[in-house]
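Thanks for sending this one over. Here are my notes, in the order I would read them with the structure open.

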Amino acid sequence: YHSEMNINEMTQAIRGEIIGTEAIAADKTGRRPAIQGTVRDETKNTLTIETENKELKRIIKNENQITLINRGARCELDGSAICQRSEDRLKMKVEQ
């Protein structure tokens, strides 16, 4: 079961901690296959995603369309929207 997140859930997903969240990172150019797994690390510009077969893949945020999945709800966003350290996103305003 998948549903779209409402604006409050989306705001929490973007502003909150995303380590431990399920994610799908799809290359904006379509040149590389999408990577799906659990976010294991985050820097200002990258996410490290652990795939189902336990591989760690580092992706550049602003080169990917990122889908965060939390309790069955999906939040799709441009990776450049979260090109900040997680502690800086707490202060960020989310446009509706």
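1. Strand β2 (residues 22-27) and strand β3 (residues 35-42) run antiparallel and are joined by 4 bridges. Strands here are DSSP runs of E with at least two residues, numbered from the N terminus, and two strands pair if DSSP finds at least two bridges between them. Within this pairing, alanine 23 has glycine 37 of β3 as its bridge partner.

2. A word on the source: this is a predicted model, where local features need pLDDT of at least 70 and side-chain atom pairs count only at pLDDT 80 or more, while totals for chains, interfaces and linings use all residues. Residues are numbered from 1 along each chain as its sequence is written, and side-chain values use heavy atoms, with hydrogens and water left out.

3. On to the next pairing: β3 is also antiparallel to strand β4 (residues 46-51), with 5 bridges between them. The two form a hairpin, and 3 residues lie between β3 and β4. Threonine 38 sits opposite glutamate 50 of β4.

4. Is glutamate 50 buried or exposed? Glutamate 50 is buried, at a relative accessible area of 17%; buried means under 20%, with a 1.4 Å probe and protein chains only. Beyond its neighbours within four places in sequence, glutamate 50 is in contact (heavy atoms within 4.5 Å) with Gln36, Gly37, Thr38, Arg40, Glu55 and Leu56. Glycine 37 is 13 residues away from glutamate 50 in sequence, yet their C-alpha atoms are 5.3 Å apart.

Key: Buried means under 20% relative accessible area, exposed over 50%, partly exposed in between (1.4 Å probe, protein chains only).
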